Amino acid sequence: MTFRLNRRLWISTTAILLAMAIGASIGYLSGRRFVETTAEARLQEEAAPLAETIHSVVTESHDILAKANALNLPACSDAEIAQLRQLIYHSANFREIGRIHDGKILCSALFGRDNLPKEQFKPTFHYQDGTTLFRDMAPYRVAGSPVFIRQRGDFFAVESPELSGRIHEMRRNHEVFSSGAINTFLPSAVGKSKKLPGAIIDRESQGRIGDTIYATHCIANATGPSQIDCATSFGSFASYRRAQRGLLILYAMSIGLFLGLVSALLLLLHSRRRSMPHQLIKAIRQDRLHFVYQPIVDLSSGRIVAAETLARWRDDDGLQIGPDIFIRLAEERGLALEVARLALRHTLLDFADTLRSDDTEFRIHINLTASDLADPALLPMLGQSLAAAGVAPHKLVLELTESATARHSIAIEAVHRLRERGHSVQIDDFGTGYSSLAYLKDLDVDAIKIDKAFTQSIGTDSVTGVILPQILTMASGLGLLVIAEGIEIPEQAAYFAGFDLPVMGQGWLFGKPQAPGEFLLALASQEEQRVTLPVTNNA
């Protein structure tokens, strides 16, 4: 039992610790996901201003270049340059505008037609809407800050150096996709330079690739149905994780403790469901008690004349539980009569043919408890069961423990009714406490079963050994049949057989509790197996 309890404790502790470990893992992963989601939301907020700025620049560049291309004036004429200066004067994001052809500046609002660079500039990007992007064209270079020039048709517009510097600063931890850019690279600020997939930077999205966590904010561009301006903000997930280490620990501990508590409660519930009372209730309702039969012999002849039905039960762990434990438990749970019902049903199934026979006086003994005697369903249950099996009431002997007779008025009434129905009634384990010798006359029982403690005292100087002859003499005077329990050696059988009164014996000397098939074989062959008993006069 101790080993089993230790094993259960070990299993329960392991299960709780495992649940806590799983909970901590789930909590940590949940915390990581929360940190990731929070970071994505923050990056989305960071990407929005850049996307809006890019969108503003792109929208205005389309507008100002469209107006320049709509001027119907001679190329680089004074009138055209004057109009270009008007356009740039009202611009919020551009500081220069001019005419360009094949990458060579022809004239501009700022320089007019003179002092212009002679080289042919190569574009940095080509956009799907026809816009070309140049970077740092002379004479528009600014130290420490890139300057972007946008061309559309025959005209170009130069972004404000302040705007370019601000966008460049914002782009340190961002990536930009604007109106179909062909090449967009992740800056080396977060590690090794790599190209971000277009599915990340050219549409509204957020997530994580490796250690890089990102969020893309996009704004539709009114210049075309498929044109969008997007900004992707990104950062190192490891840095976010380190910053939120305390939160991750809190998530892991809280969910770990929660699952540990839940598992402990489930184990407690399971333990209660596996508790002995619950298991016994289930065993009774599912008819999982089994019954064995111990022979009772006539000591004068050695013949088997009866059998006592004994209930046996193994719990869900396969442990044999003693009847002194589970019968008392059944009484406490109000299920004692159900045990008696099962005992009688199995007994009648196993011995119905033998009990129906008129050629034998073989009887079956069934035990009743105190709660059985007080149960109004007892007599109907006995009557219906015997009638259905076709067995006469006198073939069923009912054994009452001394504790069952403690409530005298109930016991006296119950014994009277049982004997009135034709049953023989006996006091089991006589001498263990409740019934006084005088009380036997009031009970009006047929027999007493002497407790095995008296049998084992034979040949000793113990008090029980001194009392035993007095009990036998009293039984003889009251005309009671005596059954001696616990007979294990021939000397004990001879002691009882030596008294001048009818005595039956029960004990391992005559047979241990047996399965019904084994018992019936012994009953059938008892003529050949008759026990020879020495007879002495000890009276």
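Which residue lies over the face of Trp508? In this predicted model, local features need pLDDT of at least 70 and side-chain atom pairs count only at pLDDT 80 or more, while totals for chains, interfaces and linings use all residues. Residues are numbered from 1 along each chain as its sequence is written, and side-chain values use heavy atoms, with hydrogens and water left out.

**View 1. Charges over rings.** Lys512 lies over the face of Trp508, at 4.3 Å from the ring centre; a charge sits over a ring if NZ of Lys or CZ of Arg is within 6 Å of the ring centre and within 35 degrees of the ring normal. The charged end of Arg208 is placed over the ring of Phe237, 4.5 Å from its centre.

**View 2. An aromatic cluster.** Tyr293, Phe351, Phe362 and Phe519 are linked into a cluster by ring pairs, where rings of Phe, Tyr and Trp (its six-membered ring) pair if their centres lie within 6.5 Å, and planes under 30 degrees apart count as stacked, over 60 as edge-to-face and the rest as tilted. The count by this rule is 9 aromatic pairs. Phe351 and Phe519 form an edge-to-face pair, 5.6 Å centre to centre with 85° between the planes. Because Phe351 lies in helix H9 (residues 336-356) and Phe519 in helix H17 (residues 516-524), the pair ties together parts that are 168 residues apart in sequence; helices (H or I, at least four residues) and strands (E, at least two) are DSSP runs, numbered from the N terminus. Phe351 is buried, at 0% relative accessible area, and Phe519 is buried at 1% (buried means under 20% relative accessible area, exposed over 50%, partly exposed in between, with a 1.4 Å probe and protein chains only).
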